[in-house]
Amino acid sequence: MMEFLRTLRTYRRFEQRPVAQEILTEAVEAARIASCGNNRQTLKYMIVQSPEAVTAVQPLVHWAASLPPEQGTPKPDEQPVAFVAVLQDERIPGCSDTDVGLAMGNMTAAAWAHGVGSCMMGSIDRPALSKLLALPEGVKLRYMVAFGYPSHQSHLVTAQNGDTKYYLDDARDYCVPKRPLEEVLLKTL
């Protein structure tokens with residue numbers, strides 16, 4: 001399990017081969033069954049996988065805030081092949097960021113079990129995407145999650161001097177600094 005979690009990283013460059021509908025549906029199913037506050041189940045989802053729809057979404061999402069755009073933004077032959085819109089049904093009270101995080105964690109883990117990488121995206125043009133997706137009344141866009149088969153590696157590295165900004169190595173693979181356990185585990189009582 002720990003090795004699976006160490007490789008369950010954010011991926012931002014993808015092979016240009018489709019992800020099977022069954023895998024995307026299973027990812028949404030994994031999100032659907034995630035724990036949530038008071039079992040309210042306020043989240044809804046929309047799969048975007050047609051090439052035309054994916055192309056329309058691409059300019060409305062923003063990539064890799066810690067990197068210059070020429071490094072962090074996927075080139076045309078590296079873009080995701082699918083997205084899932086994570087939506088909140090505001091007609092059901094009680095959605096929380098915790099519910100959203102648990103659902104997206106389940107979704108990305110289920111995809112990664114099939115070798116499909118993902119990138120959770122909060123820096124998005126919500127008004128334009130909401131219009132593009134033709135969201136029903138009372139349903140609000142929270143996040144977009146990009147999916148595809150990764151065309152790069154992503155490695156955990158030890159943070160140096162508290163610097164946690166991710167970066168690309170010489171092979172254009174992502175290096176993701178993490179604080180050491182001794183720094184984050186304050187004590188055991």
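Which strands does helix 5 (residues 97–112) lie across? Helix 5 lies across strand 1, strand 2 (82–89), strand 3 and strand 4, running at about 25° to strand 4. This is a predicted model: local features need pLDDT of at least 70, side-chain atom pairs count only at pLDDT 80 or more, and totals for chains, interfaces and linings use all residues. Residues are numbered from 1 along each chain as its sequence is written, and side-chain values use heavy atoms, leaving out hydrogens and water.

- Four strands form an open sheet in the order 1-2-4-3, with antiparallel pairing.
- Strand 1 (43–48) and strand 3 (117–121) are at the edges, each with a single partner strand, so one side of each has no neighbour in the sheet.
- Neighbouring strands here are turned by 25° against each other on average, direction ignored.
- Strands are DSSP E runs of at least two residues, and helices are H or I runs of at least four, numbered from the N terminus.
- Strands 3 and 4 pair in the antiparallel sense over 5 bridges; pairing takes at least two DSSP bridges.
- Gly 117 has Gly 148, in strand 4, as its bridge partner.

- Helix 6 (residues 126–133) lies across strand 1, strand 2 and strand 4, at about 85° to strand 4.
- Angles run from 0 to 180 degrees between N-to-C directions, with axes fitted to C-alpha atoms, for helices over the stretch in contact.

**Arg 142**
- Arg 142 lies in strand 4 (residues 139–148).
- Its relative accessible area is 10%, so Arg 142 counts as buried (under 20%; exposed is over 50%, partly exposed in between; 1.4 Å probe, protein chains only).
- Residues touched by Arg 142 include Val 86, Cys 95 and Ile 124 (contact means heavy atoms within 4.5 Å).

Terms used. Lists of a residue's contacts leave out its neighbours within four places in sequence.
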